[in-house]
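The structure is shown first.

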Amino acid sequence: MQKSGKAIWPWVLGVVVIGGAGTWLFSDSLRGLVDDMQVPAVQHGAATKIPPVPASPAAPAPPPIQHPVDPRDAADPALPTLADSDGPVLDTLSALFNGDGALALLLRDHLVQRVVTHIDNLDKPSVPTPAMAVRALPGSLQVETVDGTVHIATANAERYAPYVKAFTALDAGEAGKAYVRLYPLLQQAYAELGQPDAYFNDRLVAVIDHLLQTPEPPRPLAVTRDERGRYRFADPALQARSVGQKLLLRMDAAQAQAVKQQLRAMRAAISRG
């Protein structure tokens, strides 16, 4: 844990709501974290026997889709190409959030690709810097010492407050509809990430489920410094958690509960079952 237009293309909402919101919300301190076939000799005069060529192994069938997005719902003729999506996405997000305040952390080039890559790394121990869709939160982790033990300070929650408020205020049902219309771009970006046979919506549901499994230990949580001066959870089990789960742990309990509740609502909007 380091120191840390009115409905212009409404499908764009899915970038931040289902994926992008998770990227800037879960953005704190995600750094560094990034035969030849041998033919037997044939004796002179003997009948030549050509050894059988083994059949190429069949490519494994792609896993069944667990949470399909109806392609009829995703057929939006207004959808731009992935390469041309940055400007329209950013303009629409600014209108949806009444300005750039909640979007200040977004890295604004190749945004859809960054969002997909960032989400794909949230359940991992670290996120490589080139994979990030956001800048780190302003400031550094706030701590206080009580009876000789260093804890995450109550004031640290203030760093997350505006982003938690923006994330939890969004309508999850409308966000889900927007996400479906946006889905072809997200799926294309996921395929280009090296997952041509995988289904991004299934991956997103899995990441949400992972975040919902974040433990809820009593606050405040003790921290300690490592040899490089970075704060880490004193509890090794907490420190071993993924980057996404560790951010939820750095929030206060009320913030983490509110984020989890919104994640549940969003999961229901994009999944079956």
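## Salt bridges

Arg230 and Asp226 are joined through their side chains by a salt bridge, with an N to O distance of 2.9 Å; the term requires a side-chain nitrogen of Lys or Arg within 4 Å of a carboxyl oxygen of Asp or Glu. Arg230 is partly exposed, because its relative accessibility is 21%, whereas Asp226, at 12%, counts as buried. Buried means under 20% relative accessible area, exposed over 50%, and partly exposed in between (1.4 Å probe, protein chains only).

The model is predicted: local features need pLDDT of at least 70, side-chain atom pairs count only at pLDDT 80 or more, and totals for chains, interfaces and linings use all residues. Residues are numbered from 1 along each chain as its sequence is written, and side-chain values use heavy atoms, with hydrogens and water left out.

## Links across the sequence

Seven salt bridges are found in a search of the whole structure. One of them joins Asp120 and Arg203 at 2.6 Å, N to O. Asp120 belongs to helix H3 (residues 111-121) and Arg203 to helix H6 (residues 200-212), so this pair ties together parts 83 residues apart in sequence. Helices (H or I, at least four residues) and strands (E, at least two) are DSSP runs, numbered from the N terminus.

## Strand pairing

Strands E1 (residues 143-146) and E2 (residues 149-152) pair in the antiparallel sense over four bridges; pairing requires at least two bridges found by DSSP. Glu144 stands opposite His151 in E2.
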